[in-house]
Every structure is written in C-alpha cells, then in structure tokens.
Amino acid sequence: MKTRINHKRVADKIETVSMGLGITSSIVAAGAALATPTGFSAIGVALGITSAPLIVTAAPIIGTAATVTGVISGGAYFYSKWKSKKAKEESGE
C-alpha cells in the first residue's frame, strides 16, 4: 500500500516540475522572439563581433529541459497507472 502512495506522489511532483518548466519555456521563447537581433545587429552576431542576448542563448536550453521533464513526467504517469492497476488486480478487486 505504501508503494502505491509513493509512486503517485512522485508522479505528481514530477508533473508539477514539468508544468512549471513548460510555462517558463513559453515565456522565455516569447522573450527570445522579441529580443532576437535583427538588421545590422544580426549580422554582428553572425560574424561574432557581438554576442546574442542571454535570453536568446538560454531559450533552447530551457526548451530542452522542458521537453525532457515532460517525457519523464509522462513516463512516471504511465508507470503510476500501471502500478495502481497491478496493485488493484493483486488485491482481487
């Protein structure tokens, strides 16, 4: 019985982190779209004369983190469902 509660709790916590990172990723992506260099500043970034804004550099990293936690969250969710079903079958219900 304790294991069933434990895996559900873990799945819920991972889901919360995943949702938070998903929201953060959306906000960062919107900020990066607004801060992306255009015109001569884009040419300067392409040539390496100037650097891209930090938010533009960080957006793919945060997006990747959101994707990875989403995959982990989905796996934890389905594992939790499987464990709950298995425990229900073992108890004879």
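A: Tyr77 is partly exposed, with a relative accessible area of 44%. Here buried means under 20% relative accessible area, exposed means over 50%, and partly exposed lies in between (1.4 Å probe, protein chains only). Phe78, at 56%, counts as exposed.

A note on the values comes before the rest. This is a predicted model, in which local features need pLDDT of at least 70 and side-chain atom pairs count only at pLDDT 80 or more, while totals for chains, interfaces and linings use all residues. Residues are numbered from 1 along each chain as its sequence is written, and side-chain values use heavy atoms, with hydrogens and water left out.

The structure holds two aromatic pairs. Tyr77 and Phe78 make up one of them, an edge-to-face pair with 5.1 Å from centre to centre and 75° between the planes. Rings of Phe, Tyr and Trp (its six-membered ring) pair if their centres lie within 6.5 Å; planes under 30 degrees apart count as stacked, those over 60 as edge-to-face and the rest as tilted. Tyr79 and Trp82 also form a pair: the ring centres are 5.8 Å apart and the planes meet at 45°, so this pair is tilted.

Tyr79 and Trp82 are about one helical turn apart, because they are separated by three residues in helix H3, which covers residues 54-91. Helices (H or I, at least four residues) and strands (E, at least two) are DSSP runs, numbered from the N terminus. Tyr79 has a relative accessible area of 42% and is partly exposed. Trp82 is likewise partly exposed, at 47%.

Thr64 is placed in helix H3 and counts as partly exposed at 48% relative accessibility. From Thr64 to Ser84 there are 20 residues in sequence and 30 Å in space, C-alpha to C-alpha. Glu90 is also in helix H3 and counts as exposed, with 64% relative accessibility. The C-alpha atoms of Glu90 and Val71 are separated by 28 Å, and the two residues are 19 apart along the chain.

The view now widens to the remaining elements. Three helices and zero strands make up the secondary structure of the chain, and the order from the N terminus on is α-α-α. Ser25 sits in helix H1, residues 2-35. With a relative accessible area of 17%, Ser25 is buried. Leaving out residues up to four places away in sequence, Ser25 touches Ile62, Gly63 and Ala66, where contact means heavy atoms within 4.5 Å.

The loop between H1 and helix H2 (40-47) contains Pro37. Apart from neighbours within four places in sequence, Pro37 is in contact with Ala42, Val45 and Pro53. Pro37 and Ala76 are 39 residues apart along the chain, and their C-alpha atoms are separated by 39 Å. Gly44 belongs to helix H2 and is buried, at 10% relative accessibility. Residues up to four places away in sequence aside, Gly44 touches Ile49 and Thr50. Gly44 and Pro60 are 16 residues apart in sequence, with 21 Å between their C-alpha atoms.

Last come the values for the chain as a whole. The radius of gyration of the chain is 21 Å, while a compact globule of 93 residues would have one near 12 Å. That radius is taken over C-alpha atoms, and the globule rule is 2.2 Å times the number of residues to the power 0.38. Along the principal axes, the C-alpha atoms fill a box of roughly 70 × 20 × 15 Å. Of the 93 residues, 17% count as buried. Among contacts between residues at least 6 apart in sequence, 75% join residues at least 24 apart.

The accessible surface of the chain comes to about 6,800 Å², and carbon and sulfur atoms account for 68% of it. Accessible areas come from the Shrake-Rupley method with a 1.4 Å probe; for residues, only the protein chains shown count as cover. The chain has 10 positive and 5 negative side chains, and 3 Å separates the centres of the two sets. Lys and Arg count as positive and Asp and Glu as negative, while His and the chain ends are not counted. Each charge is placed at NZ of Lys, CZ of Arg, CG of Asp or CD of Glu.
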